[in-house]
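Here is a friendly briefing to read alongside the model. Keep the viewer open and follow the topics in turn.

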Amino acid sequence: MPAGTVRLGDNGKDVKRLQKFLNWCIGAKLNCKGHFRSVTLKDLKIWQKTYGIEADGIWGPICKKKAQSIVKKYAPEDEKKSKYYSETTEIGQACANEKGKLPGGKAGDQTGGEVCISKWSSSYGWLYVYRLKDKKLRDKLAQAMIDTCENDHIGYDTQEPDRFSAWDLAEKNGHDIKGITKKCETTCSEAVSMCMRAVGIPKKYAPRRSNIVQLTAALKSSPYVECFKINEYTQSTKHLLPGDILLSSHHTAIVVKSPNA
């Protein structure tokens, strides 16, 4: 559910969370694209009226407290599952800038979709799955990518030196990705490398200047991971786990949610 205040006209990940919560709680049919428009306003007011909250159409602390009590009461089984469980496999990835392009654009995630969580797809042509041998590290890696995707200060750009700015900020503040509060940029490979550094993987295996070729080479030499190349791993979600690193010839991502969690 949204962490902060959300109101009409807002955009971004907190709006997506609100829309997903309303779909679950009152059976709304919002498209969950992260744009707070009149339809979301109407459904939020319905939810507020239903649960005895002033129907002002603004999500704030009172709404969050009530929502938490609803979830605790009506979804106890969900709470017992791993926080990285999902009915579908989801990946975190740095995709493209606000114009749908690779280089350029403003710093930060302007649309909520430059660095985001989405459903796994075989369309990327995954070639390798690299898996940290330590489960605790795998869970931490999944969380690091979730933190990256949820931090709207982090956007996408392949131009130098902007592409290194998120990696550098994380390195300076002790790898606290949630603590990045300055607008910055990353790429798919820099984001994965930054997340690996956040869970303690040495720079040798999580390089700063990281494109797909360099990241693949670093992972191949890493003693922290094992590699899977067969189709059951690369072209299917059957065996994927949260924290798995996916690599194709042109893209990389990290599994953040899985039915196998």
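This is a predicted model: local features need pLDDT of at least 70, side-chain atom pairs count only at pLDDT 80 or more; totals for chains, interfaces and linings use all residues.

A polar contact here is a pair of N or O atoms within 3.5 Å, and within protein one atom must be able to donate a hydrogen and the other to accept it.

**Helix α5**

- Helix α5 covers residues 135-150, and its 16 residues should span 22 Å at 1.5 Å a residue; the end C-alpha atoms are 23 Å apart, which agrees.
- Its buried residues include Leu 137, Arg 138 and Leu 141.
- A run from Ala 142 through Gln 143, Ala 144, Met 145, Ile 146, Asp 147 and Thr 148 to Cys 149 is buried as well.

- Helix α1 (residues 13-26) has 14 residues and reaches 20 Å from its first C-alpha to its last, close to the 20 Å expected at 1.5 Å a residue.
- Buried in α1 are Lys 13, Asp 14, Val 15, Arg 17, Leu 18, Gln 19, Phe 21, Leu 22 and Cys 25.
- An α-helix has 3.6 residues a turn, so residues three or four places apart point the same way.
- The cover over the buried residues of α1 includes α2 (38-50), α3 (61-74), β2 (115-119) and α5.
- Just after α1 comes Gly 27, with a positive phi of about 70°.
- Further on, Cys 32 sits in the loop between α1 and α2 and counts as buried because its relative accessibility is 19%, where buried means under 20%.

**How α6 and α7 pack**

- Two packed helices are described by the angle between their axes and the distance between the axes.
- For α6 (residues 165-172) and α7 (residues 188-198), the axes come within 9 Å and cross at roughly 10°.
- Angles under 35 degrees count as roughly parallel, and α6 and α7 are therefore roughly parallel to each other.
- On the α6 side the contact is made by Ala 166, Trp 167, Ala 170 and Glu 171, and on the α7 side by Glu 190, Ser 193, Met 194 and Arg 197.
- Sorted by type, the residues of this contact are four nonpolar, one polar and three charged.

**Thr 216 in α8**

- Thr 216 belongs to helix α8 (residues 212-220) and, at 11% relative accessibility, counts as buried.
- Its side chain reaches the backbone oxygen of Ile 212 at 2.7 Å.
- Setting aside neighbours within four places in sequence, Thr 216 is in contact with Tyr 128, Tyr 130 and Leu 247.

**Backbone geometry worth a check**

- Most residues other than glycine have a negative phi, and most peptide bonds are trans.
- Cys 32 has a positive phi, near 55°, and is a residue other than glycine.
- His 175, also not a glycine, has a positive phi of about 65°; it is found in the loop between α6 and β5 (184-186).
- With a relative accessible area of 21%, His 175 is partly exposed.
- A cis peptide bond, with omega about 0°, joins Glu 160 and Pro 161, and Pro 161 is in the loop between β4 (154-156) and α6.

**Thr 181 and Ile 201**

- Thr 181 has its place in the loop between α6 and β5 and is exposed, with a relative accessible area of 63%.
- From C-alpha to C-alpha, Thr 181 and Ile 201 are 23 Å apart in space, and they are 20 residues apart in sequence.

Note on methods:
Residues are numbered from 1 along each chain as its sequence is written. Side-chain values use heavy atoms; hydrogens and water are left out. Helices (H or I, at least four residues) and strands (E, at least two) are DSSP runs, numbered from the N terminus. The expected span of a helix is 1.5 Å times one less than its number of residues. Buried means under 20% relative accessible area, exposed over 50%, partly exposed in between (1.4 Å probe, protein chains only). Axes are lines fitted to C-alpha atoms, for helices over the stretch in contact, and angles run from 0 to 180 degrees between N-to-C directions. Angles under 35 degrees count as roughly parallel, over 145 as roughly antiparallel, 65 to 115 as roughly perpendicular and the rest as oblique. Contact means heavy atoms within 4.5 Å. Ala, Val, Leu, Ile, Met, Phe, Trp, Tyr, Cys and Pro count as nonpolar, Asp, Glu, Lys and Arg as charged, and the others, Gly among them, as polar.
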